[in-house]
Amino acid sequence: MSRIGKNPVDLPQGVTVSVSKSNLVTVKGPKGQLTQQVDPDMGIEIKDSEVQVTRPTDSKRHRSFHGLYRALIANMIEGVTNGYAHNLEVIGVGYRAENKGNLLILTLGYSHPIYFMVPEEVSVETVTAKGKNPIITLKSMDKQLIGQVAAKIRSLRKPEPYKGKGIRFEGETIRRKAGKTAAKK
């Protein structure tokens, strides 16, 4: 049996979960509301402030969905309770980041600035301190959406292995390579 799927998801106070006949799971909490369509074969039971996901058979399809939907429901409950945040560092001489509302303006060494419109479900904030790299902070209750937006911003200028310039997640380590001069001996 799925190790993740068989674990119940605890419901914190102030969070309600409802399931429609078509297996549409709605989670409401202090930060907002999220919905997720669950496969009609999967069973979702709510009792004693816990959510339990069950599967009808041990077929490969049902086993794969079991852990998936349990994890998605757990992420939705965590999102409406605490929310998620991603920090991105912009590293490079002359690289800048600023925001005007949900419009992110990036200067990344190209001949033009990049204007990136962040979805309204995600809040963006930029911090630029003298002598430090600019930091882009993304906050949202939807884990999937915030991860997708952060990955898209990172893809605008991925960190390169020689000088380390680019956009990286805070705490991410980049494997550095030696340049041509290190090979001569």
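1. Ground rules. The model is predicted: local features need pLDDT of at least 70, side-chain atom pairs count only at pLDDT 80 or more, and totals for chains, interfaces and linings use all residues. Residues are numbered from 1 along each chain as its sequence is written, and side-chain values use heavy atoms, with hydrogens and water left out.

2. Fold. The protein chain has 3 helices and 13 strands. These are DSSP runs numbered from the N terminus: helices are H or I of at least four residues, strands E of at least two. The radius of gyration is 21 Å, well over the 16 Å that the globule rule gives for 185 residues, so the chain is more spread out than a compact globule. That radius is taken over C-alpha atoms; the rule is 2.2 Å times the number of residues to the power 0.38. The C-alpha trace spans about 65 × 45 × 25 Å along its principal axes.

3. Burial. Of the 185 residues, 35% are buried. Buried means under 20% relative accessible area, exposed over 50%, partly exposed in between (1.4 Å probe, protein chains only).

4. Contacts. Take contacts between residues at least 6 apart in sequence: 51% of them join residues at least 24 apart. Contact means heavy atoms within 4.5 Å.

5. Gly 94. This residue sits in the loop between β7 (84-91) and β8 (96-100). Gly 94 is partly exposed, with a relative accessible area of 44%. Gly 94 and Lys 177 are 83 residues apart in sequence and 23 Å apart in space, C-alpha to C-alpha.
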